[in-house]
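Here are a few notes to go with the model.

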Amino acid sequence: STSAAEKAAANVKAQVEMLAHVTAARLPETLATALPKSPESVSSDSSDLPQLKQAASLERKGLISIAYVTALIGKNGSTISEVKKKSGARIHIQNTVVFDKDRAQKVRTVTLFGSTAQIDHAVALIHQIVGTAFKICR
């Protein structure tokens, strides 16, 4: 005689097998809609970078001269928001002012988070805005 627990286990097993079969049958269809049709259809445009936020997140620190912080942030945060949007990186500018002995000036720490490509893109954009007033810590 089959116990109620054995009947329940057999029922669950049958449902799992059916679900696996349905999933396997639909997998090619799902992949076909999720993947690009050809390598040429994959854009190398950096505007695609924000979609990579799920990529491995790295952290990189840099220093910015306090004289250039307002230029980097922009009115109501518009400039830094644009850098974040274009690069896909998360950026945090610390409020604490420290003295950089190498450059003999007051600076604030900028922390960038994201993939290597996102961080590199953010650094390039920041350099376009403030030039050598921003440097990455090695």
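1. Start with Asp100, which forms a salt bridge with Arg103, the closest N and O atoms being 3.1 Å apart. A salt bridge here is a side-chain nitrogen of Lys or Arg within 4 Å of a carboxyl oxygen of Asp or Glu. Asp100 counts as buried at 7% relative accessibility, while Arg103, at 21%, is partly exposed. (Buried is under 20% relative accessible area, exposed over 50%, partly exposed in between, with a 1.4 Å probe and protein chains only.)

2. This is a predicted model: local features need pLDDT of at least 70 and side-chain atom pairs pLDDT 80 or more, while totals for chains, interfaces and linings use all residues. Residues are numbered from 1 along each chain as its sequence is written, and side-chain values use heavy atoms, with hydrogens and water left out.

3. Asp100 also meets Lys135 in a salt bridge (3.7 Å, N to O). Lys135 is in strand 4 and Asp100 in strand 2, so the pair ties together parts 35 residues apart in sequence. Strands (E, at least two residues) and helices (H or I, at least four) are DSSP runs, numbered from the N terminus.

4. Lys135 has a salt bridge with Asp102 as well, at 3.8 Å, N to O. Asp102 is exposed, at 67% relative accessible area.
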